[in-house]
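Please read the following briefing alongside the sequence and the model.

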Amino acid sequence: MSTNSNDQGRAYEYAWINALFGVLDPIRKTGIVCNSSLDANERAWNAVSQDKRDLFTISANAAVDAILELEPRMEEDNGDTLLLEFQKDEAGETGDVRDIVIRRDDIEWEVGLSIKHNHSAVKHSRLSHVLDFGNEWYGVPCSDRYWNDIAPIFQMLNHEKSRKTSWSDLEDKEGDVYIPLLQAFLNEVDRAYNQEPEIAIRMFEYLVGIKDYHKIVSHDNKKMTLIHTFNLHGTLNKSSCIKVSAFDVPVADTPTEILAVRFRRNSKTTVEIYMDNGWAFSFRIHSASTVVQPSLKFDVQFISTPASVLHIECKWNRK
């Protein structure tokens with residue numbers, strides 16, 4: 001992710017905490033937790049243009065009432081304090097993909113938001129000659145066969161890096177890099193799954209997260225903010241003492257099996273992993289720099305989610 005995209009993402013998160021505080025503080029005691037992530041997001045907010053700030057505010061305000069309707073305990077006033085907190089970046093490394101956590105400590109309740117600006121990527125993971133994706137993703141270290149398969153690919157990339165070669169100058173980057181690397185990746189996932197079928201749920205939790213949350217995606221061109229419910233453990237959409245949500249958010253079944261791993265039809269850059277219970281993911285590999293580097297990035301997207309993941313469209317107020 002570029003610096004500009006990162007700043008805009010952080011600024012959009014800041015718009016959301018402002019929107020939440022703006023609607024909740026007048027009706028109940030609400031506080032924002034001060035931490036390093038708040039400082040970083042506030043700096044990003046101040047760094048973007050006023051036009052961007054106005055756009056981010058409109059986007060957040062379009063969906064904030066829906067979030068309150070989904071989570072009645074946010075508005076419930078028992079004299080306690082509702083806390084809004086930005087997660088530190090390190091949380092994502094342990095499988096917690098939430099950006100904002102909203103909690104009430106007196107009732108041991110919390111709900112999380114994962115916030116995206118103009119993209120709905122699941123992950124941006126990397127492959128390299130030293131990154132053991134198997135150990136990181138699902139707890140099974142990559143095999144010697146995998147390391148042997150990818151070694152010549154990354155040796156070539158290291159050589160081209162020393163020559164300061166541009167990716168665009170490689171004669172056949174698909175045939176020499178993308179296809180063999182993706183095939184080695186698929187083969188390794190297949191080997192690990194045959195060895196330990198439990199990796200299906202571990203890989204899923206790495207990709208989707210270990211905590212329940214509402215995923216919020218701003219689509220600026222469509223002037224729409226989408227909410228996707230990931231109620232994997234049944235902690236979302238809890239009624240308060242005085243209100244039941246107008247939404248009924250079902251618990252989504254998590255996968256237990258990997259059904260297929262394959263190249264996308266007619267693609268040299270994208271592979272797909274299909275799991276049971278309606279989950280499927282695409283993995284598009286690409287370079288994240290102009291000059292050749294011995295590291296490549298995955299853009300991981302959903303192909304499908306089960307019907308129990310709700311998708312709520314919130315159109316912007318165009319005034």
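Thr-30 lies in strand S1, where helices (H or I, at least four residues) and strands (E, at least two) are DSSP runs numbered from the N terminus. This is a predicted model, in which local features need pLDDT of at least 70 and side-chain atom pairs count only at pLDDT 80 or more, while totals for chains, interfaces and linings use all residues. Residues are numbered from 1 along each chain as its sequence is written, and side-chain values use heavy atoms, with hydrogens and water left out.

**Surroundings of Thr-30**

- Thr-30 is buried, with a relative accessible area of 10%; buried means under 20% relative accessible area, exposed over 50%, and partly exposed in between, with a 1.4 Å probe and protein chains only.
- Leaving aside neighbours within four places in sequence, Thr-30 is in contact with Phe-21, Leu-24, Asp-25, Thr-81, Leu-82 and Leu-84, contact meaning heavy atoms within 4.5 Å.
- The side chain of Thr-30 also reaches the backbone oxygen of Arg-28, at 3.2 Å.
- The C-alpha atoms of Thr-30 and Leu-226 are separated by 25 Å, and the two residues are 196 apart along the chain.

**The sheet and the helix across it**

- Seven strands form an open sheet with mixed pairing, in the order S1-S2-S3-S4-S6-S7-S12; two strands pair if DSSP finds at least two bridges between them.
- Strand S1 (30–32) and strand S12 (311–315) stand at the edges with a single partner strand each, so one side of each is left without a neighbour in the sheet.
- From one strand to the next, the twist averages 20°.
- Strand S4 (residues 109–117) and strand S6 (residues 213–219) run parallel and are joined by five bridges, and Lys-116 stands opposite Val-217 in S6.
- Helix H3 (residues 50–70) lies across S4, S6, strand S7 (224–230) and S12, running at about 35° to S7; axes are lines fitted to C-alpha atoms, for helices over the stretch in contact, and angles run from 0 to 180 degrees between N-to-C directions.

**Salt bridges**

- The count comes to 17 salt bridges, each being a side-chain nitrogen of Lys or Arg within 4 Å of a carboxyl oxygen of Asp or Glu.
- Arg-28 forms a salt bridge with Asp-80, with the closest N and O atoms 2.9 Å apart.
- Arg-28 lies in the loop between helix H1 (3–24) and S1, and Asp-80 in the loop between H3 and strand S2 (82–86), so this pair ties together parts that are 52 residues apart in sequence.
- Both Arg-28 and Asp-80 are buried, and they belong to a network of salt bridges that links Arg-28, Glu-76, Asp-80, Arg-104 and Asp-106.
- The side chains of Glu-69 and Lys-243 meet in a salt bridge at 3.0 Å, N to O.
- This pair links distant parts of the chain, with Glu-69 in helix H3 and Lys-243 in the loop between S7 and strand S8 (258–263), 174 residues apart.
- Lys-243 is partly exposed, with a relative accessible area of 30%.
- Within helix H6 (residues 144–162), Arg-145 and Asp-149 lie four residues apart, about one turn of the helix, and they form a salt bridge whose closest N and O atoms are 3.4 Å apart.

**Helix H7**

- The 23 residues of helix H7 (residues 173–195) should span 33 Å at 1.5 Å a residue, which agrees with the 32 Å between its end C-alpha atoms; the expected span is 1.5 Å times one less than the number of residues.
- Among the buried residues of H7 are Val-177, Leu-181, Phe-185, Glu-188 and Ala-192.

Methods
Polar contact = N/O pair within 3.5 Å; in protein donor to acceptor, adjacent residues only side chain to side chain.
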